[in-house]
Amino acid sequence: AFVLSNLVGLLRGILIYRAFGTSAELDSFNAANRVTEVLFNLIAGGALGSAFIPTFTGFLTRGDKPGAWKLAASIANILVVALTAVSALAAVFAPQVVRYGLFILNPGGSPGQEALTVSLLRILLPGVVIFGLSGLVMGILNAHQRFLVPALAPVMYSLGMIAGVLFLPDSWGIFRLAWGALAGSALHLLVQLPALLRLKFRYSLGFNWGEAAVREVVRLFGPRVFGVAVVQLNFIVNTILALNQPEGSVSAISLAFSLMLMPQMAIAQSIAIASLPAFSAQVAAGKYAEMRASLAATLRGVLLLAVPAAVGLLFLRQPLISLLYEDGAVFTARSTEMVAWALLWYALGLVGHSLVEIVSRAFYALHDTRTPVLVGAAAMGLNVVFSLLFSRLFLQAGWMPHGGLALANALATTLEMAAL
């Protein structure tokens with residue numbers, strides 16, 4: 001399903017690129033969409049699951065279905081209220097959010113582009129609530145060892161965007177992409193609901209703050225949100241650094257990083273998502289020796305796949321990028337060279353990125369979100385230091401400096417892997 005998601009995502013990118021090129025309108029959409037993506041990564045993209053699944057799985061392991069559904073309903077109610085409030089505030093203060101964001105990331109941004117970004121952001125913000133609920137449903141299904149439908153949800157999101165580009169009126173311009181993204185977020189949730197209903201999910205009103213399980217999820221959730229926020233902040237810092245490098249550096253590191261993530265998603269994220277409920281069930285049953293054996297076997301399997309994938313990226317990066325993107329007009333041979341240069345250094349970190357996905361899940365299963373967050377925050381701090389250092393060293397050596405940003409990420413992630 002992750003491989004399919006990557007392929008559909010690749011098709012989505014090609015269609016969007018051919019429809020809007022590298023226009024200021026697409027820049028505005030990407031800036032607006034970045035806000036919802038950050039919130040998705042904070043809530044539905046891992047933070048919620050890593051806090052919710054271990055506690056929820058404990059109920060299932062003990063055979064306490066009513067307790068499990070009560071916990072799920074409480075967290076759903078908390079999510080809806082919290083995310084609705086956050087989205088409403090972001091909509092009201094969208095001009096300020098966009099203005100200061102553009103000032104930080106693009107000091108030369110025009111007022112017209114700012115106004116467009118505000119309008120697009122307000123269209124996309126309801127997706128934050130939808131993605132939050134969708135992430136919770138993902139966690140429930142994964143805890144029940146249901147993996148296929150949740151893994152297909154990102155495909156539905158991409159299909160929504162593709163439909164917006166292809167079927168909404170051309171006169172809508174970039175707004176047809178925004179409405180397609182919002183529809184895609186709804187499909188992301190709706191495709192999972194039949195599987196949830198088959199589990200006989202029981203909804204109930206109330207937050208149940210007095211319940212120990214609810215407090216435990218919130219306790220685990222806090223450090224994890226902080227850790228994800230540090231990662232997102234690191235991406236912003238890298239973007240700012242790349243903006244001060246030769247033209248095309250930002251696009252080069254963005255595309256190269258997404259290409260590195262394709263095998264990482266298929267190899268590591270898929271296995272990590274499947275392993276967390278298993279690890280959590282073993283911990284809940286007190287079978288720590290069994291969990292250690294499962295962890296070791298999982299790490300060996302990931303290494304078996306990640307090492308050849310990294311070698312493949314190293315040697316095939318140039319023809320791969322040229323085949324997929326180069327058209328000789330907008331995406332030139334120089335563009336291919338810049339992306340391939342960044343991918344060379346990102347590929348060195350593929351094994352580290354892959355193993356971190358697995359080992360961090362082992363900590364989450366042990367109800368320890370603090371250790372991976374502290375290690376991750378330290379690694380991201382090193383990433384900033386390495387980015388400044390390597391960019392300067394690459395420049396002095398006569399190399400393209402954005403490669404230093406990619407090397408910094410690879411080295412910091414490898415150190416994070418070793419520490420964990």
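User: Which residues in H12 meet which residues in H14?

Analyst: This is a predicted model, where local features need pLDDT of at least 70, side-chain atom pairs count only at pLDDT 80 or more, and totals for chains, interfaces and linings use all residues. Residues are numbered from 1 along each chain as its sequence is written, and side-chain values use heavy atoms, leaving out hydrogens and water. Helices are DSSP runs (H or I, at least four residues), numbered from the N terminus. Contact means heavy atoms within 4.5 Å. On the H12 side are Ser249, Ala252, Ile253, Leu255, Ala256, Phe257, Leu259 and Met260. They meet Met338, Val339, Ala342, Leu343, Tyr346 and Ala347 in H14. By class, that contact has 13 nonpolar residues, 1 polar and no charged. Here Ala, Val, Leu, Ile, Met, Phe, Trp, Tyr, Cys and Pro count as nonpolar, Asp, Glu, Lys and Arg as charged, and the others, Gly among them, as polar.

User: At what angle do H12 and H14 pack?

Analyst: Packed helices are described by the angle between their axes and the distance between the axes. Axes are lines fitted to C-alpha atoms over the stretch in contact, and angles run from 0 to 180 degrees between N-to-C directions. Helix H12 (residues 249–284) and helix H14 (residues 333–347) pack at about 45 degrees, with axes 8 Å apart. Angles under 35 degrees count as roughly parallel, over 145 as roughly antiparallel, 65 to 115 as roughly perpendicular and the rest as oblique. H12 and H14 are therefore oblique to each other.

User: Is the crossing of H12 and H14 left-handed or right-handed?

Analyst: A crossing is left-handed if the near helix is turned anticlockwise from the far one by less than a right angle, and right-handed if clockwise. H12 passes H14 in a right-handed crossing.

User: How do H13 and H15 pack?

Analyst: Helix H13 (residues 288–325) and helix H15 (residues 350–365) have axes 8 Å apart, at an angle of about 160 degrees. They are therefore roughly antiparallel to each other. The residues of this contact divide into 17 nonpolar, 2 polar and no charged.

User: And how do H14 and H17 pack?

Analyst: H14 and helix H17 (residues 402–419) lie at about 20 degrees, with axes 7 Å apart. So they are roughly parallel to each other. From H14 come Met338, Trp341, Ala342, Trp345 and Tyr346. From H17 come His402, Gly403, Ala406, Leu407, Asn409 and Ala410.

User: How many cavities are there?

Analyst: A cavity is a set of points on a 1 Å grid over the protein atoms alone, where a 1.4 Å probe fits but cannot get out. Points are joined across faces, edges and corners, and volume is the space filled by probe spheres set on them. The count is 2 cavities of 30 Å³ or more.

User: Which helix gives the most to the lining of the largest cavity?

Analyst: Lining residues have an atom within 4 Å of a point. H9 gives the most, with 3 residues. The lining has 5 nonpolar, 4 polar and no charged residues.

Definitions and conventions. On a 1 Å grid over the protein atoms alone, a cavity is a set of points where a 1.4 Å probe fits but cannot get out, and a pocket is an open set with protein on both sides within 12 Å along at least five of seven lines; lining residues have an atom within 4 Å of a point. Helices (H or I, at least four residues) and strands (E, at least two) are DSSP runs, numbered from the N terminus.
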